[in-house]
Amino acid sequence: MSAVALEPASRYTHAELAAIFTAGYEGYFTPIALDEAAFRFMVTTFDDDLDASRVLLVDGEPAGICKLAIRADQGWIGGLGVAAAHRGNGFGETLMRDVIDVAGTRGLREVWLEV
């Protein structure tokens, strides 16, 4: 059985997060590929809170990400992706539930899912 952990995204560089985010969307109909500059732009423009966002680790290796953006008392999930090799194991739900719990501790009234 794999060891699974969640960490704040703020523990990673923007370049690392861009790679994790890109891997989480691998194989999608419309591929998404971000470099460090594009990821930094998204974080700044969309008010992503990297302390509240989470990175999924499977056996110590990054395998997914869930970004929580916050403005005042509202938040939204600005990206959720799990690397193709780890899909189908409930990790997306694990990420989402943890980020929603973090949102609650931050006093957010609502959390929206951006799709």
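Predicted model: local features only at pLDDT ≥ 70, side-chain atom pairs only at ≥ 80, totals over all residues.

Reply: Residues are numbered from 1 along each chain as its sequence is written, and side-chain values use heavy atoms, with hydrogens and water left out.

Me: Which strands pair with S2, then?

Reply: Strand S1 (residues 4-8) runs antiparallel to S2 and is joined to it by 5 bridges, pairing being called if DSSP finds at least two bridges between two strands. Here Pro 8 has Arg 54 of S2 as its bridge partner. S2 also pairs with S3 in the antiparallel sense over 5 bridges, with Leu 57 opposite Pro 62 in S3. Strands are DSSP runs of E, at least two residues, and helices are runs of H or I, at least four, numbered from the N terminus.

Me: How many residues lie between S2 and S3 in the hairpin?

Reply: There are 2 residues between them, and Asp 59 in the turn has a positive phi of about 50°.

Me: Switching to the core: which residues touch the most other members of the largest one?

Reply: Those are Leu 56, Leu 68 and Ile 77, in a largest nonpolar core of 16 residues; such a core is a set of buried Ala, Val, Leu, Ile, Met, Phe, Trp, Tyr and Cys residues joined through side-chain atoms within 4.5 Å. S2, strand S3 (61-71), strand S4 (74-82) and helix H3 (91-105) each give two or more residues to this core, and H3 provides the largest share, 6 residues.

Me: And what about Asp 48, buried or exposed?

Reply: Asp 48 counts as buried because its relative accessibility is 9%. Asp 48 sits in the loop between helix H2 (36-45) and strand S2 (54-58), and, not counting residues up to four places away in sequence, touches Met 42, Val 43, Lys 67, Leu 68 and Ala 69, contact meaning heavy atoms within 4.5 Å.

Me: Last one: what do the buried residues of H1 pack against?

Reply: They pack against H2, S2, S3 and S4.

Terms used:
Buried < 20%, exposed > 50% of the residue type's maximum accessible area, 1.4 Å probe, protein only.
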